[in-house]
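We'll go through it piece by piece, starting with a bit of backbone.

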Amino acid sequence: MPSAAQQPLPSHKAALLATAIDNNVLTFGTFTLKSGRTSPYFFNAGLFNTAKTIRALATAYAHTLLDHANTNPGWEFDVLFGPAYKGIPLAVATAGQLGEVDEERWGDVGYAFNRKEAKDHGEGGTIVGAALSGKKVVIIDDVMTAGTAMTEAVDTVKAQGGQLVGIIVALDRQETMKEGSKMSSLGMMREKTGVPVLSVLNLADMIVGLKGRGTESDVKRLEQYRAQYGASNA
């Protein structure tokens, strides 16, 4: 019987991986990251910028949230909060896809995002969209590196009276945050917030998916990168 690592990816993961590769969101080569590490791949979520690609991403987010809800009875949320700026289209598109997948169950999920500067006229305030006060909130964003921006988003939700119940990102690199550490950024955020921190894709998924369509050299370099920088709490 094949091991878990050999199992094919769920359809929503496989579809997103294919979309990412076909549209150069995910590329392979030699890239220097902000951390100074040399990575064999680069993920540019900003290239999910057409109707087709953003729909594929939002569909994958929606199915990841639904899978978690189905395997964790009682877990639910009222609002998707997308931190400005990259999180804004993600929250809007994913809320729409949740309604498409199961309108009866998720059709009333709201979306919200923050202004970078408070509005001093009209309705005022810093939040656009659904109110967060008294609501169960999931934060949605593209990636998480050091976790600084996500910490700010968590603080915003709490300041608005929302109850944080989850975080979801598109990609978990599953690597240590810095030399000498064994913790990933997502693992750190799980410990810090005490809520589920989900990802649509992770490095392990990429390795499995590429074995069906990538070059052997790309897969080998990803495996070597994971062996060198992989986090123990990924």
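Tyr 85 sits in the loop between E3 and H3, and a cis peptide bond with omega of about 5 degrees joins Ala 84 to Tyr 85. The element labels are DSSP runs numbered from the N terminus, with H or I runs of at least four residues for helices and E runs of at least two for strands.

Before going on, some bookkeeping: this is a predicted model, where local features need pLDDT of at least 70, side-chain atom pairs count only at pLDDT 80 or more, and totals for chains, interfaces and linings use all residues. Residues are numbered from 1 along each chain as its sequence is written, and side-chain values use heavy atoms, with hydrogens and water left out. The pLDDT, which is the predictor's confidence in each residue on a scale from 0 to 100, averages 89 for the protein, and 90% of the residues score at least 70. Residues 1–5 are another matter, with pLDDT below 50 and 2 contacts in the model beyond near neighbours in sequence; a contact here means heavy atoms within 4.5 Å.

Asn 24 is not a glycine, yet its phi is positive at about 60 degrees; look for Asn 24 in the loop between helix H1 (11–22) and strand E1 (26–32). Gln 174 also has a positive phi, near 55 degrees, in a residue other than glycine. Gln 174 belongs to the loop between E7 and H6.

Why does Gln 174 count as buried? Its relative accessible area is 15%, and buried means under 20%, exposed over 50%, and partly exposed in between, using a 1.4 Å probe and protein chains only. Lys 178, in the loop between E7 and helix H6 (185–193), is exposed, because its relative accessible area is 58%.

Now for the strands, where two of them pair if DSSP finds at least two bridges between them. E6 pairs in the parallel sense with strand E3 (residues 79–82) over 3 bridges, and Val 137 of E6 is the bridge partner of Val 79. E6 also pairs in the parallel sense with strand E7 (residues 163–172), over 5 bridges, with Lys 136 opposite Gln 163 of E7. Since 4 of its 5 residues are buried, E6 is largely enclosed by the rest of the structure.

Follow the chain out of E6 and you get to Asp 142, in the loop between strand E6 (136–140) and helix H5 (148–159). Asp 142 counts as buried because its relative accessibility is 8%. Setting aside neighbours within four places in sequence, its contacts include Tyr 61, Lys 86, Leu 90 and Ala 170.

Last stop, a helix pair. Two packed helices are described by the angle between their axes and the distance between the axes. For helix H2 (residues 51–71) and helix H3 (residues 87–101), the axes come within 8 Å and cross at roughly 65 degrees; axes are lines fitted to C-alpha atoms, for helices over the stretch in contact, and angles run from 0 to 180 degrees between N-to-C directions. Among the residues making the contact are Leu 57, Tyr 61 and Leu 65 of H2, and Leu 90, Thr 94 and Leu 98 of H3.
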